[in-house]
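Let's take a walk through a protein model, one piece at a time. Keep the picture open as you read and try to find each part as we get to it.

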Amino acid sequence: MKRRRFLAAGIALAGLPAAAQRFQPPQDITPLLMKITGGVAAEKRGVEVVLPQIAENGNSVPLRVKVDSPMTADDHVKAIHVFAERNPRPLVASFHLGPRSGRAEISTRIRLAGTQTVTVLAELSGGRFVMGPAYVLVTAAACLDESLL
Amino acid sequence: MEFQSADVRAMQADEFGNPGMLWVERGAALWKAPRGAANASCESCHGDGARSMKGVAARYPAYDASLGRVAGVEQRINACVVQKQRGDALPWESQDLLALTAYVAHQSRGMPLAPRIDGAASAAYERGRTIYFERQGQLNLACAQCHDANWGRTLLAEKVSQGQPVDWPAYRVEWQSLASLERRLRACYFGVRAEQPAFGSEDLVALQLYLSKRAQGLVSNAPGVRR
Amino acid sequence: MLGRVQVPPTVKRGEPFEVRLLVQHPMETGFRRDLDGQAIPINIVDKLSARIGDREIFRAEFGSGMAANPYVAFYATAEASGELVVEWSDDRGATGRVATTVNVA
């Protein structure tokens, strides 16, 4: 990776940002989780996080989330929050569902700035929270590795 | 053998979720939009694009009499824009040119590549073949050394492809956008640390023609998805 | 702003069905730099919502960690046929809207 920057300087290509190979360590997302849970402990169960084992490019990684829930008026998932601990902005997205959603299941494509654990927090009706993780190997980091050419 | 990961292949095969289709949709709308001093849409001459453009991209690059040279799809589109619609040429990699190229290329989906290399196209074909086998750049590599002699082997954690042009223009995840084959070929030049030929240059079109002939018979899936 | 939505051709009353969305947007993170080294300013779709008739069926807030040309699929149920409308906006106020019909068999 250092060689690429040296050669790029050699042929005067300004396209490769100096920060391209910045290493971003994982952050502690507990404060972000607490902002949502208000301090209520999230049970580590009932949340299936499906991500590829290896993501070729962190710019677009397919994510599927399934939360165990009967999805009734009395017992349903109100929201699903996705956190990526090594992303410059760890809260990726929040999805809001309701009792008539039928299923607490979301599919999407996210950016991952490097190999890391993705944590999904689900907010249930009745004030409870559940969460689940998934670990992904990411070959080219989103946000940090950049090629404009 | 597959050269892209399962997720990238799934994205390409997903008719709804393939991001390249957004450009095809945009292109379909532009096809009907009047443009230039002639206030003419593509549709006003070519009618329904799904019918008139069927199989066209599969024959490209092709010798174009109005331009006096072999041209890629982008250049043929701009020839229409400038000569027939009497508008300003669409810049390379602009949203409009990508959209129209994607729309036209999509009409050849499922059809085998079949470019002509005889007559007026033969000089460009020979030039393309010369480039393909010629070492270049600071790394002093020819296309053939990776894409003929070492396809399928691993380089920098990725499988070396055969360098087929079939699914282009393609949505490249690394660029987070649909991109032209020319942009991808220029990136190959960068890959061996060679000076990149300008967009629309004779060398790039010649290389595309050689690659298309080399790929003859392979079926297009444009717009494709690549990592 | 261009987008597309897909639902099954027919759905059963009260049975969950998948709604798929794809929006054309660069989702510029604010971390990329152009070829002159200048940072490209942040520009993302940050709000999206879907309804059937007047009833909201889905809502989302996106951060810059959503991939470019954002894709999302979720589930919904319907008691009667109706128009499903999806609307979204980005952090510059640009908006998009796409609609389709849900046919309850």
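## Starting at a hairpin

In the hairpin that β7(A) and β8(A) form, four residues sit between the strands, and A:Gly126 there has a positive phi near 90 degrees. Bear in mind as we go that this is a predicted model.

One bridge to look for puts A:Glu123 together with A:Phe129 in β8(A). Is β7(A) enclosed or open? Seven of its nine residues are buried, so β7(A) is largely enclosed by the rest of the structure.

## Chain A as a whole

Chain A has two helices and eight strands, and along the sequence they come in the pattern α-α-β-β-β-β-β-β-β-β. Chain A has 149 residues, and 46% of them count as buried. If you take the contacts in chain A with a separation of 6 or more, 68% of them are between residues 24 or more positions apart.

Here is how some of the strands in chain A pair up.

| Strand pair | Direction | Bridges | One bridge pair |
|---|---|---|---|
| β4(A) and β5(A) | antiparallel | five bridges | A:Phe83 and A:Leu91 |
| β4(A) and β7(A) | antiparallel | seven bridges | A:His81 and A:Leu121 |
| β1(A) and β3(A) | antiparallel | four bridges | A:Val47 and A:Val67 |
| β3(A) and β6(A) | antiparallel | six bridges | A:Lys66 and A:Glu105 |

While you're at β3(A), which covers residues 61–67, check how covered it is: five of its seven residues are buried.

What is the strand order in the open sheet of nine strands? Reading across, you get β2(A)-β8(A)-β7(A)-β4(A)-β5(A)-β4(C)-β3(C)-β6(C)-β7(C), with mixed pairing. At the edges stand β2 (54–57) of chain A and β7 (95–102) of chain C; each has a single partner strand, so one side of each is left without a neighbour in the sheet. From one strand to the next, the twist averages 20 degrees.

A:His96 stands opposite C:Arg59 in β4(C).

## Where the chains touch

The contact between chains A and C takes in 30 residues of chain A and 27 residues of chain C. On the chain A side, β5 and β6 (105–110) each supply at least two residues. That side of chain A is made up of 13 nonpolar, 10 polar and seven charged residues.

Chain C also meets chain B, with 10 residues from chain C and seven residues from chain B. On the chain C side, β1 (3–6) and β2 (17–23) are the elements that give two or more residues. By class, that side of chain C has five nonpolar, three polar and two charged residues.

## Two crossing helices in chain B

Next, find helix α2 (residues 20–31) and helix α6 (residues 95–106) of chain B: their axes come within 7 Å and cross at roughly 95 degrees. That makes α2(B) roughly perpendicular to α6(B). Among the residues that meet here are B:Trp23 and B:Trp31 in α2(B), and B:Leu98 and B:Tyr103 in α6(B). The residues of this contact divide into 10 nonpolar, three polar and two charged.

In soluble globular proteins, nonpolar side chains tend to be buried together. Here the largest nonpolar core has 121 residues, and A:Ile80, A:Ile110 and B:Leu209 are among those with the most contacts inside it. Which element gives the most to this core? That is α6(B), with eight residues.

To finish, click on A:Ile110. Leaving aside neighbours within four places in sequence, A:Ile110 is in contact with residues of chain A including A:Val61, A:Leu63 and A:Val82, and also with C:Gly65, C:Met66 and C:Ala67.

Note on methods
Residues numbered from 1 in each chain as written. Chains lettered and ligands numbered in written order. Predicted model: local features only at pLDDT ≥ 70, side-chain atom pairs only at ≥ 80, totals over all residues. Pairing = 2+ DSSP bridges. Axes fitted to C-alpha atoms, helices over the stretch in contact; angles between N-to-C directions. Parallel < 35°, antiparallel > 145°, perpendicular 65-115°, else oblique. Contact = placed C-beta atoms within 7 Å. Nonpolar A, V, L, I, M, F, W, Y, C, P; charged D, E, K, R; others polar. Core = buried A, V, L, I, M, F, W, Y, C linked by C-beta atoms within 7 Å. Buried ≥ 20, exposed ≤ 12 C-beta atoms within 10 Å, placed from the backbone.
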